[in-house]
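Welcome! Let us take a friendly walk through this structure, one part at a time.

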Amino acid sequence: TLLDLAPLLPVLSALVAQAHQPNMVCLMSDDQSSYSMGCYGNTDVQTPNLDRLSADGITFDNHYVSTAICMASRASVMTGMYEYKTGCNFQHGDLTQDKWLKSYPVLLREAGYLTAFAGKFGFDIIDGPNGKRLPMPEQEFDLWGGGEGQTKYKTMANDSMKEYADEYPHSTLSYGAFGSDFIAQAAQTDQPFCLSISFKAPHKPATPDPQFDAIYTGKTFTKPANYGRENGQHFSKQSQQDRQYERFESWGYADRYDEVMAIYHQQIYAIDVAVGMILEALNAQGIADNTVIIYTSDNGFFCGSHGYGSKVLPYEESTKVPLIIYDPRHTNSGKRLRSDALTANIDFAPTILSLAGLPAPENMDGTDLMPLYEDPTADIHETIALINVWGHTVTHALAVVTKDMKYIHWPYAAEGLEASDELYHLS
């Protein structure tokens, strides 16, 4: 009778939910501006696989990283928390184990997902009570291709990826091969999987895969409308006191723009090829229809805008990054839809958990992004905080952004500088 089956209903319900859990592929580049892709309006570049993802899924036009530097941003992606709660950045701390244990990879594996990670992990984990640095969390994934620090562009120099070095001597395509292999292995099981790949490209020092040298040879690139020092004169003096200001010249944006941008975009082209390898693997295994794909970057890049290079500062080019989500199960897929909703990197962990049918821990600051897939005209945030407390103290800044406005506070007041405020009407 139904009464006799009552104790089994929660178990049966969980099994039914698990049967509908999608696979997930989470892809992240490093230092990639949104205007480096065709689907974001750049007609000078070739990004066919990313553009196909954009056409198939939903592309987000107001996606921000809450901290525009890799270590802090990656900790926020994994944990769904702002930097002031992770405490994680180069100058002031690693991620404590108790916070790591509430990250999306750990929670997914506990719930029965097969998990894999490859690439630049980006932060260290410590035992909170005694501050002892723990080994990289290789044992907490079913397949591991990750590395400490910045990792290397030379595949052979990344211990966990050496087996791919002969066929893929440059690391970017080695991650595509790793992802393809994991997908083939996972497809033979009855478990859902989550594959997370963190490409090193196009992070400096610029080291493109030479097999793609011909892609942009002799190419002239259109400079952004806000290129050059003349378009940054209204910025705070604080913002000019660190590496971002001098790197407009030292990194060649001032006098070698086409050469520098050809290398930058060549690295992104290789990422696009690796993405194509992963898409092909999903199709070859017959599981593409039940695999959600997320593509983003850990932070943006100035590339000469306003006469700056690098990242970190809370201006648009540094803090706004690409975001594409493709859920093949949804009726809104394939419609080339876009969302101008305000979204942030703190939203990834709760979104990934929600896709798996899991609740987000209360400590997470982010919000599930999938309601925007259902209705791209909706909103999920009124504001996002932008935090920069890395680098020279003079360039530290706190900011808040809405869909229409951005306010930045530069608190440093010494050595002839006064605390400064900037307010921009973005729309």
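Between β3 and strand β5 (residues 125-127) the pairing is parallel, over two bridges, and Leu95 has Ile125 in β5 as its bridge partner. Two strands pair here if DSSP finds at least two bridges between them. Strands (E, at least two residues) and helices (H or I, at least four) are DSSP runs, numbered from the N terminus.

Before going on, please keep in mind that this is a predicted model, in which local features need pLDDT of at least 70, side-chain atom pairs count only at pLDDT 80 or more, and totals for chains, interfaces and linings use all residues. Residues are numbered from 1 along each chain as its sequence is written, and side-chain values use heavy atoms, with hydrogens and water left out.

Another open sheet has eight strands with mixed pairing, in the order β7-β4-β8-β1-β9-β10-β2-β11. Here the edge strands are β7 (143-147) and β11 (337-344), each pairing on one side only. On average, and with direction ignored, neighbouring strands of this sheet are turned by 15 degrees against each other. Strands β9 (residues 291-297) and β10 (residues 323-326) pair in the antiparallel sense over four bridges; Tyr295 has Ile324 in β10 as its bridge partner.

Contact means heavy atoms within 4.5 Å. Axes are lines fitted to C-alpha atoms, for helices over the stretch in contact, and angles run from 0 to 180 degrees between N-to-C directions.

| Helix | Strands touched | Angle of directions |
|---|---|---|
| α3 (residues 48-56) | β2 (58-64), β9, β10 and β11 | about 60 degrees with β10 |
| α12 (residues 348-355) | β1 (23-29), β2, β9, β10 and β11 | about 175 degrees with β9 |

Next comes helix α10 (residues 257-284), with 28 residues. From its first C-alpha to its last it reaches 40 Å, close to the 40 Å expected at 1.5 Å a residue; the expected span is 1.5 Å times one less than the number of residues. Of the 28 residues of α10, 21 are buried, so this helix is largely enclosed by the rest of the structure. Buried means under 20% relative accessible area, exposed over 50%, and partly exposed in between (1.4 Å probe, protein chains only). Leaving aside residues up to four places away in sequence, His265 touches Ser36, Asn42, Val45, Tyr216 and Phe221. Just after α10, Gly286 takes a positive phi of about 70 degrees.

How do α8 and α10 lie relative to each other, roughly parallel or roughly antiparallel? The axes of helix α8 (residues 171-186) and α10 cross at roughly 10 degrees and come within 8 Å, and the two helices are therefore roughly parallel. (Angles under 35 degrees count as roughly parallel, over 145 as roughly antiparallel, 65 to 115 as roughly perpendicular and the rest as oblique.) Among the residues making the contact are Gly176 and Ala177 of α8 and Ala274 and Met277 of α10.

Helix α8 also holds Phe182, which counts as buried at 3% relative accessibility. Phe182 and Leu143 are 39 residues apart in sequence and 7.4 Å apart in space, C-alpha to C-alpha.
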